[in-house]
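User: I have a two-chain model open and would like to learn how to read it. Can we go through it feature by feature?

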Amino acid sequence: MTTMEPGAGFSSLTDKQAAVLDLLADGRTSKEIATVLDLSESAVNRRIELLRTRFGGITRLELARRYRDWTVTETSPETGLAGGVESDRQSLPLAAMAVNDQKLIEDGQSSGLVFRDSLAISVDQSWNPATEPKVVPRVLDGEDAVLTRAAVIAIILVGILASLVLGLAAAGSLTETLGR
Amino acid sequence: MGWMWIFSTVTTLLLVAAALRWGAGPERICVAVIIATNVGDHIYHFVVARDAIYTSVDIGHLVPDLFAAAIFTGVALRANRVYPLWISAFQFVSVISHFVREVDGHMGILAYAMMNYMPANFILLIMAGGIWAHARRERRYGPYRQWRTSSNPLPGTSPKSPPTG
């Protein structure tokens, strides 16, 4: 009985043997393997027994464990596949693969990406009347209001003086009339 | 003229209280000028120890009137109000009365007294109306501009009609 190194010998597996070992390493029973591969259960057991003999009469569980270890080793990035051997079998390790480039892409202080409100939006409705009361007419408000206001003062002054003159004239007439 | 003096004094004091309570910058400046002219007039007559004269131009009245006219006109040109325009005009009536009296010696005493004295009473009434109107506006709209804008409003800032469609 030949005792082979752990992992050795798996590289010369046939496709049918590899298919059985894949399902065996997945924890399937002989009956389940037979159902998946459309084989008889006795055929599956024969293949498993042959492989157990090749690896020194190890148990089914040991055979499955060695095969799992061998597939992880063979498909890792460090070792890659065996030199010159192409395999259509791929076993993806569930453990996180080591990433050489640990640099993460994230926005930092040096990224220059700063969010700010670039536009102040007013929700005021322009068609609504202004809240400030309109105290003086438009003509009396603004750049030219000085001259306009001075003119208004002059007009009011003339009106007052005219009223005063008329009033005094009327009073004088009344005085003369009543005096007679 | 005692009752007229009492009326003028009481009204002035009431206006001072109203301006301090409800008035803004223009109201307080105008009331301050009224107080200053009244107090200055009393001080003047106390110093010269005589009542007002209307047979000739009274310098003691001319100077305060010119001072008041200058202040009232400045407020009238700058305030966001209408009544200071009337106050300024009435004050100019007082000022003109002095010059007319100086130019025309035949100006009647009554006319000179009316032109010189009566505008002050009208100014008190206009001031009362202005403070009342300001208080009413402020009660309705809240605080608003005391002084007029120094530039013309932009063409697009007038109220627009609401969007349709």
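**Reading the model**

Analyst: Start with chain A. Of its 180 residues, 14% count as buried. Keep in mind throughout that this is a predicted model.

User: What are the elements of chain A, from the N terminus on?

Analyst: They run α-α-α-α-α. That is 5 helices and 0 strands. Among the chain A contacts with a separation of 6 or more, 47% are between residues 24 or more positions apart.

User: And how many helices and strands does chain B have?

Analyst: Chain B has 5 helices and 0 strands. Its order from the N terminus is α-α-α-α-α. In chain B, 32% of the 165 residues count as buried. Of its contacts between residues at least 6 apart in sequence, 68% join residues at least 24 apart.

User: How should I use the confidence values?

Analyst: Where pLDDT is low, the predicted coordinates should not be read in detail. For chain B the mean pLDDT is 83, and 81% of the residues reach 70 or more.

User: Which element of chain B has the lowest mean pLDDT, and which the highest?

Analyst: Helix α1 (residues 2-22) of chain B has the lowest, at 86. Helix α3 (residues 59-78) of chain B has the highest, at 92. For the model as a whole, ipTM is 0.81 and pTM is 0.57.

User: Next, packing. Which residues have the most contacts inside the largest nonpolar core?

Analyst: They are B:C30, B:F72, B:I87 and B:M127, in a core of 34 residues. Now ask which elements build this core. Those giving two or more residues are α5 (145-179) of chain A together with α1, α2 (25-48), α3, α4 (83-103) and α5 of chain B. The most comes from α4(B), with 9 residues.

User: Let me zoom in on one of these. What does B:I87 touch, leaving out residues up to four places away in sequence?

Analyst: B:I87 touches B:C30, B:F72, B:A76, B:I123, B:I126 and B:M127.

User: A:V20 interests me. Which residues of its helix are buried?

Analyst: In helix α1 (residues 15-25) of chain A, the buried residues are A:V20, A:L21, A:D22, A:L23 and A:L24. Just after α1(A), A:G27 has a positive phi of about 90 degrees.

User: How do I describe two packed helices?

Analyst: Use the angle between their axes and the distance between the axes. Take α5(A) and α3(B). They pack at about 125 degrees, with their axes 9 Å apart. The two helices are therefore oblique to each other. The crossing is right-handed.

User: Which residues meet there?

Analyst: From α5(A), they are A:V146, A:R149, A:A150 and A:I153. From α3(B), they are B:T73, B:A76 and B:L77.

User: Now a pair within chain B. At what angle do α1(B) and α2(B) cross?

Analyst: They cross at roughly 150 degrees, and their axes come within 9 Å. The angle is over 145 degrees, so α1(B) and α2(B) are roughly antiparallel to each other. This crossing is left-handed. B:T12, B:L15, B:V16 and B:A19 in α1(B) meet B:E27, B:R28, B:V31, B:I34, B:I35 and B:N38 in α2(B).

User: Now single residues. Is B:L124 buried or exposed?

Analyst: B:L124 is buried, because 20 other C-beta atoms lie within 10 Å. B:L124 sits in helix α5 (residues 109-141) of chain B. Beyond its neighbours within four places in sequence, B:L124 contacts B:S8, B:T11, B:T12 and B:L15. Take B:T11 as an example. It is 113 residues from B:L124 in sequence, but the C-alpha to C-alpha distance is 7.1 Å.

User: And where does A:D38 lie?

Analyst: A:D38 is in the loop between α2 (30-37) and α3 (41-54) of chain A. Its phi is near 55 degrees, a positive value in a residue other than glycine. A:D38 is exposed, because 6 other C-beta atoms lie within 10 Å.

How values were computed:
Residues numbered from 1 in each chain as written. Chains lettered and ligands numbered in written order. Predicted model: local features only at pLDDT ≥ 70, side-chain atom pairs only at ≥ 80, totals over all residues. Helix = DSSP H or I, 4+ residues; strand = E, 2+ residues; numbered from the N terminus. Buried ≥ 20, exposed ≤ 12 C-beta atoms within 10 Å, placed from the backbone. Contact = placed C-beta atoms within 7 Å. pLDDT = per-residue confidence, 0-100. Core = buried A, V, L, I, M, F, W, Y, C linked by C-beta atoms within 7 Å. Axes fitted to C-alpha atoms, helices over the stretch in contact; angles between N-to-C directions. Parallel < 35°, antiparallel > 145°, perpendicular 65-115°, else oblique. Left-handed = near helix turned anticlockwise from the far one by under 90°.
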